[in-house]
Amino acid sequence: MALVTIDTSAVAENDRLDFWRSTVCDNFVALDVTPTPGGLVTGRVTAANVADTHLRRISSVPHTFVRTEGQVRRADEDYLQIALARRGRTLIVQDGREAVIGPGEFVLYDSSRPFTFATTDSFEYSVCLHPKRDLPLSAAEMAASTAITFDGRRGIGALLPPLLSSLDRAVAEDLPEAGEAALARTIGDLFVALVRSRVPDGAPNLHLVRARAYIAAHLGDPDLDPAQVAAACAISVSYLHKIFADADESVAGSIREQRLQGAWADLRTPHLSIGAVGARWGMPDPATFSRAFRSRFGCSPREHRQAHA
């Protein structure tokens, strides 16, 4: 967990802009990096890793950072990220929403879709990049939580600034691999809590509530399908598909996601065999379970269990 600091002051003035752009892209994700014209580019990035989670601190003059559609298509980075403002104010745009953060506030954003950061003055952020494959969150949950201002001084948001500050100090210590993995899980758990703290506006569709409750109660049934859910809720299959589509979900996708999330959690404890975990969550065929798990989380059930033992 070595701490590395990169500063433009160590580079000749004529080379600073290219050096700075490379530094930002290498330590975050591929971006268009555009400092405000008319001044000398100055900036600093401090970087450390905890397992596959990246911790960064960045400060510089006013900038615009843009993650384009083309950069998303060409890249293999797939992170849910947090940016905590330490200094300056910033406009963040993603998923059709806009948020403004100032000191003590933070925002979630997703590397797998375009976004824009535009600062109004010199800035400093603490940034955490956590692999999405390690988060038991649906795509809909993550998309609903981006570009929303979180207050780091109250509520669940107040957990983040002291955690990031303590991590800044902790990375100077040598931790065994198991310790790093445990620390990364703690960071991931905070991501999950933050995402799920955002409650959608408006009253939920009661048929959708009933359908979700039925699905949650019958995930262990390998024959669970839209027809069974619709019949249990006394609605047509077509209407079931419509209410899930209105919530930016699919019925089959919701069943699969909840099963895999349940398996993801159970695999972190050793009291059940991997086959028993799959069967418990409605996936009794080991090969099918393994393929679905790897597709969702980027590793096999066995690899996940070993990493979190």
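How many residues has helix 5, and how far does helix 5 reach from its first C-alpha to its last? Helix 5, residues 177-196, has 20 residues and reaches 29 Å, close to the 28 Å expected at 1.5 Å a residue. The expected span is 1.5 Å times one less than the number of residues in the helix.

Before I go on, a word on the source. This is a predicted model, in which local features need pLDDT of at least 70 and side-chain atom pairs count only at pLDDT 80 or more, while totals for chains, interfaces and linings use all residues. Residues are numbered from 1 along each chain as its sequence is written, and side-chain values use heavy atoms, with hydrogens and water left out.

Helices here are DSSP runs of H or I of at least four residues, strands are runs of E of at least two, and both are numbered from the N terminus.

Back to helix 5. Its buried residues include Leu183, Ile187, Phe191, Val192 and Val195. Buried means under 20% relative accessible area, exposed means over 50%, and partly exposed is in between, using a 1.4 Å probe and protein chains only.

Two of those residues return with leucine 137. Leucine 137 lies in the loop between strand 11 (123-131) and helix 3 (139-144). Leucine 137 is buried, at a relative accessible area of 0%. Which residues does leucine 137 contact, leaving aside its neighbours within four places in sequence? They are Met142, Val192, Val195, Arg196, Glu257, Gln261 and Arg296, where contact means heavy atoms within 4.5 Å. Leucine 137 and valine 195 are 58 residues apart along the chain, and their C-alpha atoms are separated by 8.4 Å.

Glu257 and Gln261 take us to helix 9, where both are buried. Helix 9 has 16 residues and reaches 23 Å from first C-alpha to last, close to the 22 Å expected. Of its 16 residues, 12 are buried, so helix 9 is mostly covered.

Now the helix pairs. Two packed helices are described by the angle between their axes and the distance between the axes. Axes are lines fitted to C-alpha atoms, for helices over the stretch in contact, and angles run from 0 to 180 degrees between N-to-C directions. The axes of helix 9 (residues 251-266) and helix 11 (residues 286-297) come within 11 Å and cross at roughly 90°. Helix 9 and helix 11 are therefore roughly perpendicular to each other; that class covers 65 to 115 degrees, with under 35 counted as roughly parallel, over 145 as roughly antiparallel and the rest as oblique. Helix 9 makes the contact with Glu257, Leu260, Ala263 and Trp264, and helix 11 with Phe289, Ala292, Phe293, Arg296 and Phe297. Those residues divide into 7 nonpolar, no polar and 2 charged. Here Ala, Val, Leu, Ile, Met, Phe, Trp, Tyr, Cys and Pro count as nonpolar, Asp, Glu, Lys and Arg as charged, and the others, Gly among them, as polar.

The second pair is helix 6 (residues 206-217) and helix 8 (residues 237-246), which pack at an angle of about 100° with their axes 10 Å apart. That makes helix 6 roughly perpendicular to helix 8. The contact involves His207, Leu208, Ala211, Arg212 and Ile215 of helix 6, and Tyr239, Leu240, Ile243 and Phe244 of helix 8. By class there are 7 nonpolar, 1 polar and 1 charged. Helix 8 also holds lysine 242, which is partly exposed at 44% relative accessible area. Lysine 242 and aspartate 15 are 227 residues apart in sequence and 56 Å apart in space, C-alpha to C-alpha.

Next, the strands. In what order do the strands of the 5-stranded open sheet run? The order is 2-5-10-7-8, with antiparallel pairing; two strands pair if DSSP finds at least two bridges between them. Strand 2 (32-35) and strand 8 are the edge strands, each pairing on one side only. The twist averages 10° from one strand to the next. Helix 1 (residues 16-27) packs on the sheet, touching strand 2 and strand 5, and its direction makes about 135° with that of strand 2.

Within this sheet, strand 5 (residues 63-67) and strand 10 (residues 115-119) pair over 4 bridges, with threonine 64 partnered by alanine 118 in strand 10. Strand 7 (residues 90-94) and strand 8 (residues 97-101) are joined by 5 bridges. Their hairpin has 2 residues between the strands, and aspartate 95 takes a positive phi near 55° there.

Last, strand 6 (residues 79-87) has 7 of its 9 residues buried.
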